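Subject: Model handover, with notes

Hello,

Here is the model for you to look over. My notes follow below it.

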Amino acid sequence: MENPYLPYPVRIEEITIETEDRSIKTFRVAFLNPEDKKRFSYRPGQFAELSVAGMGECPIGIASSPTELGFLLFTVFKAGVVTTQLHNMTEGDILGVRGPLGNWYPLDEMEGKNVVIIGGGFAFTTLRSTIVYMLAPGNRKRFGEVSVVYGAQNEGMLLYKDELSAWQERSDIHMHITVDCSDGPFCKYHIGFVPGITEQKITSAENSVAIICGPPVMIKFTQPVLEKVGFPPEAMIMSLENRMKCGIGMCGRCNVGAEYVCTDGPVFTLAELNTLPKEY
Ligand SMILES: Cc1cc2nc3c(=O)[nH]c(=O)nc-3n(C[C@H](O)[C@H](O)[C@H](O)COP(=O)(O)OP(=O)(O)OC[C@H]3O[C@@H](n4cnc5c(N)ncnc54)[C@H](O)[C@@H]3O)c2cc1C
Ligand code: FES
């Protein structure tokens, strides 16, 4: 039996500085061993523990889609010890990836439905995975209308800018990108907070599922907007980012009530979250 605490070694192939304040970088990594690549079969919404030798590890959502072959993407905000070490690494360096961990967005159950994706800040990472997955040839027809509301503080803080532009050009996805404040008079995005833009743009809950991922304040004010439109708690899906240690249900660090966020989640419907103590 494999040791679940042992990470797979990966090499950093490319580092992209996502935001103008340089606080968020995307790491494109490739497995050193082809066997590890085969074992690492994941779905949008899952995460992995990234480790830096001698420093420790931390949970990071998988930003790539399983439809993108040959590499994994992780988008990392420089928060503390491990993420600062990651930010100090360069292309060619080796790090560890343990996973895939946790559950995933129920994309198979969402077939035939309209999908509303709502994201804010750097929590957009697993939403990128989901969008790329749904837009992949062969997958797009499985879903109805796809709408995205994505917000950041300003234009410089938006992630994946080239992809956002490409998605805005497509007719099979409705992109509603918004910034809290614009840096100039020619802002090509909406100006305003995510809940307000959601209220303007998402006007029907019929045959629809919403995936919401972002800072707590964004979720707090977006949830009533979706409820008003008619989304029931079963059709609102969220991803939690509780503090974690083992990521495999062994240490008890991440529990909310009787649920372990690392194994029962991080993806929950609002109906499920409503049965838990408000500790998340
Ligand atoms: C399922 C999951 C997915 C995640 N996905 C991403 C992702 O895609 N990109 C990303 O940048 N981050 C993500 N995070 C958050 C990331 O795990 C933390 O920022 C990271 O653990 C910080 O590690 P560190 O060693 O750099 O910081 P530390 O030195 O451990 O801590 C630095 C500061 O951050 C605080 N902190 C640490 N972890 C958390 C946390 N989970 N919630 C709130 N505060 C915390 C500490 O209290 C401290 O103040 C995710 C977390 C979870 C649980
Ligand atoms: S992180 Fe250890 S039980 Fe969830």
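A polar contact is a pair of N or O atoms within 3.5 Å; within protein, one must be able to donate a hydrogen and the other to accept it, and residues adjacent in sequence count only if both atoms are side-chain atoms. This is a predicted model, where local features need pLDDT of at least 70, side-chain atom pairs count only at pLDDT 80 or more, and totals for chains, interfaces and linings use all residues. Residues are numbered from 1 along each chain as its sequence is written, chains are lettered from A and ligands numbered from 1 in the order in which they are written, and side-chain values use heavy atoms, with hydrogens and water left out.

**Threonine 75**

Start with threonine 75, in strand E5. Helices (H or I, at least four residues) and strands (E, at least two) are DSSP runs, numbered from the N terminus. The side chain of threonine 75 makes a polar contact of 2.6 Å with that of tyrosine 160. Another, of 2.8 Å, goes to the side chain of threonine 26. Threonine 75 is buried, at 5% relative accessible area. Buried means under 20%, exposed over 50%, partly exposed in between (1.4 Å probe, protein chains only). Beyond four places in sequence, its contacts (heavy atoms within 4.5 Å) include Glu18, Ile24, Ile60 and Leu159.

**Ligand 1**

The backbone of threonine 75 also meets the ligand: one of its polar atoms is 2.8 Å from a nitrogen atom of ligand 1. A backbone N or O atom of valine 82 sits 2.9 Å from a ligand oxygen atom. For glutamate 241, a backbone N or O atom is 3.1 Å from a ligand nitrogen atom. On its own, ligand 1 has 890 Å² of accessible area, and the protein covers 72% of that. These areas come from the Shrake-Rupley method with a 1.4 Å probe; for residues, only the protein chains shown count as cover.

The shell around ligand 1 holds 20 residues, and Pro59, Thr75, Phe77, Thr83 and Arg243 come nearest. To be near, a residue needs a heavy atom within 4 Å. By class, 12 are nonpolar, six polar and two charged. Here Ala, Val, Leu, Ile, Met, Phe, Trp, Tyr, Cys and Pro count as nonpolar, Asp, Glu, Lys and Arg as charged, and the others, Gly among them, as polar. Strand E4 (56–61), strand E5 (72–77) and helix H2 (81–88) each supply at least two shell residues. E4 gives the largest share, four residues.

**Aromatic cluster**

There are seven aromatic pairs in the structure. Rings of Phe, Tyr and Trp (its six-membered ring) pair if their centres lie within 6.5 Å; planes under 30 degrees apart count as stacked, over 60 as edge-to-face and the rest as tilted. Tyrosine 8 and phenylalanine 40 have ring centres 6.4 Å apart and planes at 75°, so they are edge-to-face. That pair links distant parts of the chain, 32 residues apart: tyrosine 8 in strand E1, phenylalanine 40 in the loop between H1 and E3. Phenylalanine 40 is buried, at 4%. Phenylalanine 31 and phenylalanine 40 form a tilted pair, with centres 5.5 Å apart and planes at 50°. Ring pairs join Tyr8, Phe31, Phe40 and Tyr42 into a cluster.

**Tyrosine 42**

Is tyrosine 42 buried or exposed? Buried, at 9% relative accessibility. Its side chain makes a polar contact of 2.9 Å with the side chain of serine 64. A polar atom of the tyrosine 42 side chain also lies 3.0 Å from the backbone oxygen of serine 65.

Best wishes
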